[in-house]
Amino acid sequence: MLTETNSSRSIRIPQDLSDGEVRAFLANVDRVLDNRPPGIVLECVALEQVVSSHINLLWQAYLACKESGTGIKLKNASPGLVRILRVLDLYDFFIEGTGTSKIRLADYVPEEVTARSDSFRCDFPATAEAVDDALTGFLAFLDKLGLPEILKFELRTVFYETAMNIVDHSGLTSDCTIGFEARSNPMKIDLVFRDQGKPFDLSRGKVDFDFKAAARRGQKRGFGIAMIRRLTNEVAYERMAKDTNVLTLTRNWGI
Amino acid sequence: MEKTTITKRNIADDVIALCPGKTLDNSNAHDMVDAIVRAEQSGYRFIVVDMAGLEFLSSAGVGSILSTVELLREKGGDIVLCNVPTSVFHVLEVLDLSEYLTIRTTEEDAVAACNG
């Protein structure tokens, strides 16, 4: 069984804990670390059932990375694995403790997503009420794609937060229009927003925004952009001709 | 989305339950902040936010909880979430809030948490 993914810095953790698999995994870690990458990703998608030996394996990989000054991050960690790491107080070592980015919602790839190629377009006035109507249409499109509920919830949140951000902060009046297009294929979905309001590069929002610190400060606003960043894999912003802002938010279905 | 009203239910001398209904978003997040602040000013130390039936939680909804929870905690109280739908819990987990916020499975568990 191959234990390495197609990325040279991403190593798959085997479900099978035979001596050969464990040796191959640890050898892969050493080989990747020999190239002094800034960080490595442990691909957990094969972990259907987590036992203590898997945790030991993760820990050995962590120690090897620590020794070489390399960050480590988990990908596709199931909620169950995350829970176990939290219970063991190990979660922060893999998520926050080594300087790599935190696991985002986008890292939890739902099982067996088989979305087909399809698209949805609508234009709507820059008002909160119109956002609600457009959202209804977008949700119907997501239903057609047959996505898992949790993924629909994520995309609904991304749509709502982005559209409301444009309505609230672009300076557009209710007679102005926001253009929206969703394009899905078997690999990903792109959500594209177009407007002619004030330029604003949402891609500058921090993925690692600290919500807990914000709570301690009593912060009331400014969570939307951070949520969008954590719920998407890529955010791209362009200022096009005729003062048009084009914001493209990408959510990958899988690896 | 249709604005849903925050409903209140007294549970004990210092515990009140607030239920946002189907959505907690820009349309009613301010009402939630108002309800929490008023409850705190009325002497409630613990606020149980019953999320049964919640279909959507926006950043404004998250903000309504985050901006007030320390107010309660400073006075020895807390905001306790219960009946949190899986998708909402998933988002709270990804925002690193599932352990910062006090979350219990049922209202009964939430009230027990308020009683220490």
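Entry 1, the sheet of chain A. I began with strand 1 of chain A and strand 2 (residues 39-43) of chain A, which run parallel and are joined by three bridges. Strands here are DSSP runs (E, at least two residues) and helices likewise (H or I, at least four residues), numbered from the N terminus; two strands pair if DSSP finds at least two bridges between them. Opposite Arg12(A), I found Glu43(A) in strand 2 of chain A.

I note that this is a predicted model, in which local features need pLDDT of at least 70 and side-chain atom pairs count only at pLDDT 80 or more, while totals for chains, interfaces and linings use all residues. Residues are numbered from 1 along each chain as its sequence is written, and chains are lettered from A and ligands numbered from 1 in the order in which they are written.

I then traced the whole sheet: it is open, has three strands in the order 1-2-3 (chain A), and its pairing is parallel. Strand 1 (10-12) and strand 3 (71-75) of chain A are at the edges with a single partner strand each, so one side of each has no neighbour in the sheet. On average, neighbouring strands of this sheet are turned by 25 degrees against each other, direction ignored. Helix 2 (residues 52-67) of chain A packs on the sheet and touches strand 2 and strand 3 of chain A. Its direction makes about 150 degrees with that of strand 3 of chain A. I took contact to be C-beta atoms, placed from the backbone, within 7 Å.

I looked up the axes of helix 5 of chain A and helix 6 of chain A, which come within 10 Å and cross at roughly 155 degrees. Axes are lines fitted to C-alpha atoms, for helices over the stretch in contact, and angles run from 0 to 180 degrees between N-to-C directions. The two helices are therefore roughly antiparallel (angles over 145 degrees; under 35 is roughly parallel, 65 to 115 roughly perpendicular, the rest oblique). Their contact has 13 nonpolar, no polar and two charged residues. Asp, Glu, Lys and Arg count as charged, Ala, Val, Leu, Ile, Met, Phe, Trp, Tyr, Cys and Pro as nonpolar, and the others, Gly among them, as polar.

I recorded 25 residues of chain A in contact with 19 residues of chain B. Helix 6 of chain A gives the most to the side of chain A that touches chain B, with eight residues. That side divides into 11 nonpolar, four polar and 10 charged residues.

Helix 6 of chain A packs against helix 3 (residues 86-94) of chain B at an angle of about 60 degrees, with the axes 9 Å apart. This makes the two helices oblique to each other. Glu149(A), Ile150(A), Phe153(A) and Thr157(A) meet Ser87(B), His90(B) and Val91(B) there.

Is strand 4 of chain B largely enclosed or left open? I found five of the five residues of strand 4 (residues 46-50) of chain B buried, so the strand is largely enclosed by the rest of the structure. Buried means 20 or more other C-beta atoms within 10 Å of the residue's own, C-beta atoms being placed from the backbone; 12 or fewer is exposed, and in between is partly exposed.

Note on methods:
Two residues are in contact if their C-beta atoms, placed from the backbone, lie within 7 Å.
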